[in-house]
Each structure stands twice: as structure tokens, then as C-alpha cells.
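Please look over the sequence and structure shown here before reading on.

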Number of protein chains: 2
Amino acid sequence: MKQRKVTLGEVAQVAGVSRATVSLVVRKSPLVADHTRQKVERVLADLDYVHDIGAARLRNNSSRTIGVIVPNLVNSFFTEFLSGVEQMMSEDDRVVLLANSDDDLTRQSQILQRFRGHGVDGVILCPAEGTDPQLPMRMRQWGLPLVQSLREVGDNVTDYAGADYIKGVQLAVGHLVEHGHRQIAFLSVSARTSARVERLEGFSRAIAGTEAQNAGIVEAELSWEGAAQSAAKVLALRGTPSAVLCFNDVLAAGLMLGLRRAGREPGRDIAVVGLDDLPLAELTFPPMTSVAMCPERIGAAAARLLARRLESPDAPVERSVVAPSLMIRESSNLSVS
Amino acid sequence: MKQRKVTLGEVAQVAGVSRATVSLVVRKSPLVADHTRQKVERVLADLDYVHDIGAARLRNNSSRTIGVIVPNLVNSFFTEFLSGVEQMMSEDDRVVLLANSDDDLTRQSQILQRFRGHGVDGVILCPAEGTDPQLPMRMRQWGLPLVQSLREVGDNVTDYAGADYIKGVQLAVGHLVEHGHRQIAFLSVSARTSARVERLEGFSRAIAGTEAQNAGIVEAELSWEGAAQSAAKVLALRGTPSAVLCFNDVLAAGLMLGLRRAGREPGRDIAVVGLDDLPLAELTFPPMTSVAMCPERIGAAAARLLARRLESPDAPVERSVVAPSLMIRESSNLSVS
DNA sequence: CTTATTATTTAGATCGTTCTAAATCCGTAA
DNA sequence: TTACGGATTTAGAACGATCTAAATAATAAG
């Protein structure tokens, strides 16, 4: 039942030309004469020839394959990111090898070895927490082009595509201040990740630039229950915040549930703003004001950077930061006198 | 800067054995003597040898690579599915080539050709709407093992892993009936997909088995706005439903927003139940009762089926259907006398 | 000390493509 | 006619692994 694979050689035989010529036709080289090209193309189609890219790579060292490593496949932030990468790569007729590091360093390096063994042309990596800053250098020695994305290790040694959370937080704070809020709290995640550092940093800086005050920082587990439970703490804050900015949308949604359980109506009694603008932000009640980070566009940007790097390996390092935008909905409706 | 690739030959030379022996060591064959194995393994590590799987495939026809085609990378149902596949494959030291067909037939066949060219060992496919029922047969002729998942074309000709929506709908309806609901409406998607057919079918059947009545079927666009707008239609239904079962969680969440705008409190004035139990179901207000379809487990099942098929190509066709489970939350709280 | 047996090791062909360098073809200028 | 240059085509050696079949080493038996 299983047909044997059709090879260049067989096509060549049928078409009455050499293997080399068929190869040229397959690769659309301008070197072959029009009439031979047509003749060969017909045979190609007749025999249902499939170009074996693996075999080709062996000779010419380009697999048209790239690897993507994300720390998580459940968080839609990363899957949207992935979607952007896939789309862009696919337009470029490249294939994506996908792997999930689960934020685990051991897995991450296993995956890198696997990718190396499969001969990927390059890698887009969201480095797992705690990744050795030397990694980019090591990969350079391997001859494996790397674009980092969303997170970064090492000092500006590779191309990078990411989000600007500093700016994002600033947008959110600015919006709240405009609506008269002067006491703004931040609901953070408890894990000490670089994401946490960046957003907290952004928060203090943004607050500093306004007449508002930091009403306090509360930590919660990264889950909706964690956030819901932290509602009490938020309300007990000395600064008695009239608005809470949250680490991300999941925490914001959880917090809204918690606040409501505590008898406070988000969007009426207290403003809540999320970060990331995941699809769920529209579906909470009230619909959540959030800062869109556009992970899909970041993914596309990362893909473009990698494509460029593959074309010109010695181009200078480039960074691509996608500007966030504020999506105003009802959870931040209230204005404070 | 870029190191040349270390080959079996070089390792062999340094270790003072033949290429073939090194190959055996790399593949952990029991044929080699202990002391040679150790000697070779040391050299392997010293030189940082990387097994070139592509080259190996050329000879032995196994790339340890499988392709996954999903119709969508934004819907978390599919990404959780993907996550299950990736995890299982990775445990098996296989790599996943990912592609998104966007439910487009042309793209889908392009992707299949690409995968074929890359020499994947097999494919897990969620067929795009309208896929030719002959496709599985064609793939069999190509010698490309196929597992279908979540959707299916052709008549039971390939392995299949999926969800049981009939059962899922039945669980939901049963739950509502238990709480005294007798007029139950269904909020459907307007696109004529097989998913729609299955769920509607399940709905009529489930209703038929109880003392409840079909209060009417409303169609909406597959988006939260679409669902929100359909709230009026739902309320205007002749059957005056006390409960609404929705095509999926996104519609359910949208509907809840719409109902509230219309002055009806979901979970108090009218029960709403979703399907799929996406992560967002916990984050809506009130938290949504939904039927968990466990896409991640389905993905894992699909991966297992494919692994099995690769091992024994002639095993009989197998189906794996993951049982749904009802997640009761607050959107279906109310009981009707 | 042979010889039979089993355990290891290996040379060399092979997978399907692309590259290099050289061969052939063809029209034109001398 | 002969030679020359550009346009096409091609033979044959890579690429890095694995397979086959056979060679060699080690062990046991007679």
C-alpha cells in the first residue's frame, strides 16, 4: 500500500535529464532553459514528487525549520505569541518546531539539544527563569542563531523582541490619575520573576511622575483564587486605594471576584486595571480595562528578526519593542472627585 | 566563531574505533562491550557531539518528528490540546512540528506537503471544515500515518481521539433538570460546522430523555459581542427559558454580559451553562458552570495513539474518547420550583 | 591445541539532495 | 571553417548517519 518515495533520480530518468537539472528546476533556479523546465515540471507533477528537505539540508545546511521554546502553553499570552511566530514563519515557508520548557532549566537545555540534533536553522527562545546569562554565547559557539523574546538574559548580545511593560504600567497609571485616583495599589505576583521586577519598577516610576501615591503592594499567588483571597488585604491597605493595578489579567479577574465577595463592586466602588488584555478581559464582569501588550505582534516581530538574522548573520543586534495600548472598559469606570 | 559540526567519524577517530561502533553507542545498542562504550561515551561528551537526527532519518526513515495541524491557535481549547500533545511527545523524545491551518483547506494541504517534505513520522490533524473525506486514504497512500483529533472525516478509517459532546451536553441538561428547570434554551453558533451539528444533536437528544422542553434555539456569531447581543432574543423566546445552555464558554460569557445589560442577573434570574470549561470559566461573574472537555487529555490521547500507530502500523484502528465532567459553579445556582 | 560458538567490531554501500567543476551546445565573429 | 563566449547541462563527490554482511576477538568445548 505504502508507495516508495519518488526521488530526484526517478524524475530525472523519466524526464530524460540529469538529477542535477531536476534539482535546479525544483529550486526554481533561473539557470535552466524554459522548455526543459516545463518538461521537468510536468513529470514532477505526474509522479507527485515531494522535495525532501531533510536530505537537502544535509548538503546545503538549511532546514527551513526553526525552533520555538516557550515556558508555558496554557497561558494565552504565550500561545498568542506562538501564533504570531507561526504565522510569520509559515508565510516564509518555514516550519516551526514547538517545545514547552515549563520554565524548567533542565528541560530547556534538553530541548535545545534536541533542536540542535534536528538541525534547526535558528531558535526563538523565551528563556526560562534562571537561565544562565552565558547561554546566548554558548549558542553562538554552536552556530545556532538565537532571538530572545518576552524575556532576556545576557547583556544585549542577541536580537530581542518584547513588550514594554514599563510603558504599559505607565499608561494604566496615567489613565487612573486622569480619573482622579490618588491612592493606587498594585497587586503583584509573589514569585520573584523578572516579570515581577519589571512591572513593580514600572509602577514606582509611573507613580513618581504623578501626583498619585503608591497605596501599597499586595502579593498573591498567580491564580484567580490567590487573587480573590488577596482582596481583603487590598482593602485593608493603609493607603485605602481607590484603584488597583494588577500584575496581569488573571489576577485582576480574580481580584474582582474577591472584591465583590467582600461587598465592593469593581468599577463602581473601586477601579481595577489588568495587564496583558487577554481575550478574557472582555468577558469578565464588568469588562476589564487592561493594557494590551499584543503578544501576537511580538511573536511576529521575533519571527522577522530571526528571518533577518538568517539572511545576514553578521548584521548588528536589533531590538524590537511593541508599544502597548490601553483598552478602556468598565472596570475602571469610576472617577474620584 | 562558528564551530564545525562534530561527526560520528571524528568521534570514531579520537576514540580509536569505527564509525559504526560509535553509532551503536549513540543509539545505546546492547551490542557494544562495556569498556568500549565507556571509552566512546567519554569522547562523545568531550567533543560535545550532537546526534544529527536528520541525517539518520535519511538512512533509517524515522525522524522522531511529528506534525500537528490545528485550525486555530487563539482558542485556548486548541492550545490546551496542543499542550497535551507536546507534553506526551516530548516524554517520548519526539519533536512537534506545529502549524495552523486557520480552517482553510488550501493552507491545510500546503502544510501537509510541507510536513511530507520534512519527513515527519506521522501527523495529528484536526481537519479543517470541509476537508475531503478521501484525505485519510490519500495520506495512507503517501505512507503518512494519521491520527485525527477533535474532528473527523472519512468513515472510521484512522485512529481518532476526541471529546464526547453528546455526553457533555447531556451532563449539562441533566444538571439543569435536576435543579427543576423545565424550559431550556440553546445558544448556538451560526456557522454550520460539524461541532454545531454535534452539540445541537446532543441537545435534542438530551432534552428528549427528560421531562424538560426545548425552549428554543438562538444563533449568534462566535464572539462575546455576538452572544451579548443575542440576550434579547433569548429572553424573547416563546418558551421563556429559565436556563440557557451555550455552544461554548465564550458565548456563555458573552450571554451573561448581555443578560445583565438587560437587567437579568445570570445565576439568580436565569441559569447559564457553558461548554468546554476553558480557564476563563472561573473568571466570569458569576463563575460559570461548564462542562470540562479536557482538551489537554485529548491531546495526550492523540499523541499516544500516534505513538502506538508508529510502533505497529497494522494495528486495528482505535478510538479514544475522553469523558467530559461537569464543573458546577455559580452561574447555574438557581433552582426552579 | 583445534574447532565451534558467541560476542564485538568494522568496511563499504546507501539514503536523497546539492555542490563543484567540467562538459556540451549554440550562435556569432574572425 | 574555426574559435570563442555565454547559456545549459551533467558526472561524481560530498553531507552525516545507518544498514548489511562479513571479519575479528573471545570463550567454551572436545
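What follows is a reading of a predicted model, grouped by topic.

In this predicted model, 50 residues of chain B are in contact with 50 residues of chain A, and the two chains also share an open sheet of twelve strands with mixed pairing. DNA strand C is surrounded by 27 residues, and DNA strand D by 26.

**Where the chains meet**

- The side of chain B that touches chain A draws at least two residues from each of α4 (53-60), α5 (76-91), β2 (95-100), α6 (105-118), α7 (135-142) and α12 (249-261) of chain B, and α5(B) gives the most, with eight residues.
- By residue type, that side of chain B divides into 21 nonpolar, 19 polar and ten charged residues.
- Strand β2 (residues 95-100) of chain A is joined to β2(B) by three bridges, and the two strands run antiparallel; within this pairing, A:V96 stands opposite B:L98.
- Helix α6(B) lies across β1 and β2 of chain A as well as β1 (65-70), β2 and β3 (122-125) of chain B, and runs at about 175° to β1(B).

**The surfaces near the DNA strands**

- Around DNA strand C, the closest residues are A:L8, A:S23, A:A56, A:R59 and B:S18, while around DNA strand D the closest are A:S18, A:T36, B:T7, B:S23 and B:R59.
- The surface near DNA strand C receives at least two residues from each of α1 (8-15), α2 and α4 of chain A and from each of α2 and α4 of chain B; its largest share, five residues, comes from α4(A).
- For the surface near DNA strand D, the elements that give two or more residues are α2 (19-26) and α4 (53-60) of chain A together with α2 (19-26) and α4 of chain B, and the largest share, five residues, comes from α4(B).
- The surface near DNA strand C is made up of twelve nonpolar, eight polar and seven charged residues, and that near DNA strand D of twelve nonpolar, seven polar and seven charged residues.

**The sheet that spans both chains**

- The order of the twelve strands is β11(A)-β5(A)-β4(A)-β3(A)-β1(A)-β2(A)-β2(B)-β1(B)-β3(B)-β4(B)-β5(B)-β11(B); β11 (319-322) of chain A and β11 (319-322) of chain B are the edge strands, each pairing on one side only, and the twist averages 20° from one strand to the next.
- Strand β1 (residues 65-70) of chain A is largely enclosed by the rest of the structure, because six of its six residues are buried.
- In a regular strand the side chains alternate between the two faces of the sheet.
- Along β1(A), A:T65, A:G67 and A:I69 point one way and A:I66, A:V68 and A:V70 the other way, and all are buried.
- Strands β1(A) and β2(A) pair in the parallel sense over six bridges, with A:V68 opposite A:L98.
- Three bridges join β4 (residues 146-149) of chain A to β5 (residues 159-163) of chain A, which run parallel, and A:S149 stands opposite A:A161.

**The six-stranded sheet of chain B**

- This open sheet has the order β7-β6-β8-β9-β10-β12 in chain B, with mixed pairing; β7 (213-220) and β12 (325-327) of chain B stand at the edges with a single partner strand each, so one side of each is left without a neighbour in the sheet.
- Helix α12(B) packs on the sheet, touching β6 (183-189), β7, β8 (243-246), β9 and β10 of chain B, and its direction makes about 155° with that of β9(B).
- Strands β9 (residues 271-276) and β10 (residues 289-292) of chain B pair in the parallel sense over four bridges, and B:G274 has B:S290 as its bridge partner.

**Cores and a buried loop residue**

- The largest nonpolar core has 184 residues, and those with the most contacts inside it are A:L187, A:L255, B:L187 and B:L255; apart from it lies another core, of ten residues, among them B:L8, B:V25, B:V32 and B:Y49.
- Beyond its neighbours within four places in sequence, A:L255 is in contact with residues including A:L187, A:A227, A:V244, A:C246 and A:V272.
- A:T284 sits in the loop between β9 (271-276) and β10 (289-292) of chain A and is buried, with 28 other C-beta atoms within 10 Å.
- Not counting residues up to four places away in sequence, A:T284 touches A:A253 and A:M256 as well as B:L283, B:T284 and B:F285.
- A:T284 and A:E330 are 46 residues apart in sequence and 9.9 Å apart in space, C-alpha to C-alpha.

Conventions
Residues are numbered from 1 along each chain as its sequence is written. Chains are lettered from A and ligands numbered from 1 in the order in which they are written. This is a predicted model: local features need pLDDT of at least 70, side-chain atom pairs count only at pLDDT 80 or more; totals for chains, interfaces and linings use all residues. Two residues are in contact if their C-beta atoms, placed from the backbone, lie within 7 Å. Ala, Val, Leu, Ile, Met, Phe, Trp, Tyr, Cys and Pro count as nonpolar, Asp, Glu, Lys and Arg as charged, and the others, Gly among them, as polar. Two strands pair if DSSP finds at least two bridges between them. A residue is near a molecule or strand if its C-beta atom, placed from the backbone, lies within 6 Å of it. Axes are lines fitted to C-alpha atoms, for helices over the stretch in contact, and angles run from 0 to 180 degrees between N-to-C directions. A nonpolar core is a set of buried Ala, Val, Leu, Ile, Met, Phe, Trp, Tyr and Cys residues joined through C-beta atoms within 7 Å. A residue is buried if 20 or more other C-beta atoms lie within 10 Å of its own, exposed if 12 or fewer, and partly exposed in between; C-beta atoms are placed from the backbone.
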